[in-house]
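Okay, everyone, thanks for coming along.

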Amino acid sequence: MSSDTTTAGFDVGGAFDVNAPQAVVAVVAALGLLTLPFWASESFTNVMVYAGFWAVFAAGWDVISGHTGYISFGHSLLSGSAAYATALLVVKVDPHLSLFVTIPVSIGAAVAMGMVFGLPSLRLRGPYFSLVTFTSVLIALKLIDVFSGVTNGHLGMSGIDVFTYDTTTFYYYTLGLAACVGAVLVVVSRSNVGRVLLAINAREQTVEEAGIDTTKFKLWAFLISAITMGFGGVFLAHYYGNVSPANSMSVADSILIIAMAAVGGTGSIVGPMAGAYLLLFLRDVLFQNWLGIGSNVRLVLLWAIVVVLLVAAPEGVFVRLWRWLGDPRGGGSRG
Amino acid sequence: MAESGGLLAVDGLTKRFGGLVAVDDLSFTVERGEILGVIGPNGAGKSTVFNCVVGQYDVTDGRVTFADDDVTDWDTHDIVNAGLARVSQHSRPFDAMTVRENIHLFTVPNSVLAFRGGASDEAVGDIAALVGIDDALDERPPDLTHEYTRRLEIARALATDPELLLLDEPFAGFTQEEVRDLRASIETINDDGTALVVVDHNMRGLMALVDRVVVVHDGALLTSGTPEEIADDDTVADVYLGETGDAS
Amino acid sequence: MGEVLSILLTGAMISSVYALMALGFTLVMGLRGVLNLSHGALIMVGAYAFFVANQFLPGVGALVVAVVVGAVASYLVYVGLVRYTEEDLIITFMVTIVVALALQSAATYFFSSEARSLVPLVAGGVHVVGTTVRLDEVLAFCVSWAAIGLLYYFVTETRTGQAILASSMSRRGALLNGVDLGRVNAVTWLVAGALAGLSGVFLGALQSTSPTMWADPLALSFIIVVIGGVGSIKGSLVGAYVIGFLQTITSTVGSSQYRGLFALVLLVAIILLKPEGLFGREFVE
């Protein structure tokens, strides 16, 4: 089965090399998302609003960890840094600062934090990197506590301008953000850069022997990831209107991002985004709203399902689905 | 035995793993455009030498000079970009990519802005043709024969446009006919100006191919000379006692 | 003088318990790079096992029960779950999270979410040079070091123990030497669980016991292992003592707000200067 993608250069053709069943499913899903506020309840829509943020976070995680295999367990550090930067600017400097100032500065904060921990740790392999990223969140949480005179500790800071209180409007904001982020990251992923990152996951030494500086590429991916997380973090701050360790710099959140990406299908950008929508639907719509399961059990149940899904489809539920649609008779599709 | 000049100069190379000395004060050179054979029994340390040369391992002592640069402490990618490529004895193709994509990756420039770039389809096809695998460009490595997999490894290394190509046990697992074909390919590569080092654990494949031979035993240099001299050398034959096959 | 002595004694004691905690964690991680998030929960299991057993048995007996329960629980996690998912780091990580959350839920269900203090093994104290030393702290110190000594003997003198050390350095090397990796894994988890259970008893008594108590020890274990180096017993010991003393000094001398700060500053320094830890190796496949 010859592919009509050119290997030399830009591979967008490959990304959209879809067959009829895949196209149908994609269009239906897109339409469903676009019209969601019109057919879903208010609470359902509300969940899908912040699912959009999580889709951004999952995609941001995927571009570094899903592609290179360097599993970051502390990605909420990046989004949280941006959120806290916004809060600090608004609360401590000037409540009327323009978004054109706060957004770049906040994203800069995310990038700076990312580099502080990313630069030294990306030259480590495997679990060392993961361990370091995990502790980076702990460090940030401690700093927030130590400097609680400024950060107000676990109570957090409020007074951030909420973009809108209308659920439907915000839904389209986050959907739009997710779509833009997704588009950019898909382009990166399907380019040479993405190929290099995936190859690093397969065998880093071989990529070095291709004359490619793997550390440089890992840092680049981390940078792209930090910027993505920064965008998400800033918008999240403007969604909640306040910023606290619980909603912005949480260890549990870092781990949930990994689950979303893994369930969706690491390395595909779109898979993790779909995974975000799926898991939040399960946790907050199905389990909470529709089935009324208590919060303690809900959490265990969600994680149990995550494990089952991962064992059943290690490549990711949505990647498996996409490949199956591409070649229902089996033999493996080139998703 | 340090000599100046030559394309690659290994000078007093020593590699220790904890208490084990894998390479022991080894020195040799490779001249521009020549084909050098490196032989030695299994476990002699031949692969370790080249892991050090190519920057995969840090050397314990000694120096590696390539094209007048001291590359001893260089990162692998810098060494490759300077013109020294290596084909390991273990094939490690990227199974999720096609042959075409595997080769193409080795032409991608070392730049994070290289979203496009790397060799054109045609150029990739030419490289594949050089080692005779251009009829498998859209296959994936798990579906390739052993011979094609090994040739893919060579194609990838060639794609980096090397001045010197290290081949570690290229004939392993080949039939007589496949050995002949690969020898011819190697000679063509050499005719284009690329110097080669071919590692093997006996002389049979190398006799007609190489210009000079270096013999390694227990991590150290045993002797060196022309293929004929080595074939007649008794100390070399002794070292191979217990190995199957003649030293000639 | 009394205060300095008090710091030295308390610091030494808490550090030895931290060492127990970190050793279990680093052993498992050194083997296959498995980040065992249920480690903290196993500590909690040890604490609650002691609590329950202490209703029927004297302190020593309850201690033994706690160690055994910790070891068995850990072994079951490996044999029942992790063994099948080890190859994939992410799935294994998720599995251990599920275990931790499930254990927390179970603990909340059976014991309610209130914090309790375990009955100290040995009551009373002793006056030494102007300061009072609690006997149960002394006991914790002695027992911990006895356990560490046993562990050291185990990994240096017994075949299985040596196999564990070897496997953590190089899996392939160990395989080539005929090491039964499945057995090595199982034994490692058993030992790690025993250490967790034991440390749970002391942490539960010296600090407090509750269904959410597993998070802080887990975080501390991480920090200690990052500082000391993964898979290194010496590193875990040194790291534990550094962290233990830093904590004791800052909470005695400074305000509680700064309690974790110096540990974190040290952590940042290590991450920036020597990310593989003081005694760590680069992770070799």
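So, before the helices, a word on how angles are done here: axes are lines fitted to C-alpha atoms, for helices over the stretch in contact, and angles run from 0 to 180 degrees between N-to-C directions. Helices (H or I, at least four residues) and strands (E, at least two) are DSSP runs, numbered from the N terminus. And keep in mind that this is a predicted model: local features need pLDDT of at least 70, side-chain atom pairs count only at pLDDT 80 or more, and totals for chains, interfaces and linings use all residues. Residues are numbered from 1 along each chain as its sequence is written, with chains lettered from A and ligands numbered from 1 in the order in which they are written.

Two packed helices are described by the angle between their axes and the distance between the axes. Take helix H4 (residues 76-93) and helix H5 (residues 99-121) of chain A: their axes come within 8 Å and cross at roughly 140°. The crossing is right-handed, a label used if the near helix is turned clockwise from the far one by less than a right angle, with anticlockwise being left-handed.

Who meets whom there? Contact is when C-beta atoms, placed from the backbone, lie within 7 Å. On the H4(A) side you have residues including Leu78(A), Ala82(A) and Leu89(A), and on the H5(A) side, among them, Val105(A), Ala109(A) and Met113(A). The residues of that contact divide into 11 nonpolar, six polar and no charged. For the classes, Ala, Val, Leu, Ile, Met, Phe, Trp, Tyr, Cys and Pro are nonpolar, Asp, Glu, Lys and Arg are charged, and the others, Gly among them, are polar.

Now, between chains. Two pairs of chains touch, and A with C has the most contacts. There, 33 residues of chain A are in contact with 34 of chain C. Which helix of chain A gives the most to that side? H6(A) does, with 12 residues. This side of chain A has 26 nonpolar, five polar and two charged residues. Chains B and C have no contact, and their closest C-alpha atoms lie 12 Å apart.

Chain C itself has 11 helices and two strands.

Last up, chain B. Strands pair if DSSP finds at least two bridges between them. An open antiparallel sheet runs S2-S1-S4-S5 in chain B. S2 (20-30) and S5 (69-70) of chain B stand at the edges with a single partner strand each, so one side of each has no neighbour in the sheet. S4(B), residues 61-66, pairs with S5(B) over two bridges, and Phe66(B) stands opposite Asp69(B).

Then there's S3(B), residues 35-39, with five of its five residues buried. Ile35(B), Gly37(B) and Ile39(B) point one way, Leu36(B) and Val38(B) the other. S3(B) pairs in the parallel sense with S8(B), residues 195-200, over five bridges, and with S9(B), residues 212-217, over four. Gly37(B) has Val198(B) in S8(B) as its bridge partner, while Val38(B) stands opposite Val214(B) in S9(B).

Technical notes:
Buried ≥ 20, exposed ≤ 12 C-beta atoms within 10 Å, placed from the backbone.
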